[in-house]
Amino acid sequence: RLAGDGPDLAPDRRVATSNNLPAALATFIGRSSEIGEIRELIARSRLVTILGAAGSGKTRLAVEVGRSLLADFAEDGVWFVDLAPVRSPDQVADAIAQPLGVGHLAYKPTEDVLAGYLAGRRLLLILDNCEHMADKVASTTDRLLRSTSGLVVLATSRERLGVEGETIVI
């Protein structure tokens, strides 16, 4: 099967699961009101960014929100992307494409392949550790959100992305 509708898109190599959320190593206790608040914001905004200092629990909170929304995004899934290892702005789209199973095409930028793949899909994309590539993450996120109406992005960062329509949680 092909990723997206266009004939020039790379094959979809996604496994049969509808998420790649990291396994919980401990029980998540005491932040149910925050999870509920973020779920409500996601219902109204397609880009929600959790802001906070390093080590404040942004990642764990985002993963738990994603876990709580698995049924809402059952068809196309909830996908976690850790951007911490990304060392160049040119690698941001590739980092997003990898967990989705979106392949590379020599003649087309990965961002374009992603936009085509996401067209017509409804999924939650969790972008973790956005701060060190904030400008590129912002432009890529903006492009992908404009390419499809079914994409929702939950980001974690130490700074705002500054994308139109972004909702901030502190």
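Student: Which residues of H3 are buried?
Tutor: In H3 of this predicted model, Val-92, Ala-93, Ala-95, Ile-96, Ala-97, Pro-99 and Leu-100 are buried. Buried means under 20% relative accessible area, exposed means over 50%, and partly exposed lies in between, with a 1.4 Å probe and protein chains only. Helices are DSSP runs of H or I with at least four residues, strands are runs of E with at least two, and both are numbered from the N terminus.

Student: And how should I read the numbering and the confidence limits?
Tutor: Residues are numbered from 1 along each chain as its sequence is written, and side-chain values use heavy atoms, with hydrogens and water left out. The model is predicted, so local features need pLDDT of at least 70 and side-chain atom pairs count only at pLDDT 80 or more, while totals for chains, interfaces and linings use all residues.

Student: What covers the buried residues of H3?
Tutor: The cover includes E2, H4, E3 and helix H5 (134-147). H3 is mostly covered, with seven of its nine residues buried.

Student: How do the axes of H3 and H4 cross?
Tutor: The axes of H3 and helix H4 (residues 110-118) come within 9 Å and cross at roughly 40°. The axes are lines fitted to C-alpha atoms, for helices over the stretch in contact, and angles run from 0 to 180 degrees between N-to-C directions.

Student: Which residues make that contact?
Tutor: H3 contributes Ala-93, Asp-94, Ile-96, Ala-97 and Leu-100, and H4 contributes Thr-110, Glu-111, Leu-114, Tyr-117 and Leu-118. Contact means heavy atoms within 4.5 Å.

Student: What comes just after H3?
Tutor: Gly-101 takes a positive phi of about 75° there.

Student: Changing topic, where is Ala-84 found?
Tutor: Ala-84 is in the loop between strand E2 (78-82) and helix H3 (92-100). Ala-84 counts as partly exposed because its relative accessibility is 30%.

Student: What does Ala-84 touch?
Tutor: Not counting residues up to four places away in sequence, Ala-84 touches Asp-128, Asn-129 and His-132. The C-alpha atoms of Ala-84 and Asn-129 are separated by 5.5 Å, although these residues are 45 apart along the chain.

Student: How many helices and strands are there overall?
Tutor: The protein has five helices and five strands, in the pattern α-β-α-β-α-α-β-α-β-β along the sequence. Of its 170 residues, 49% count as buried.
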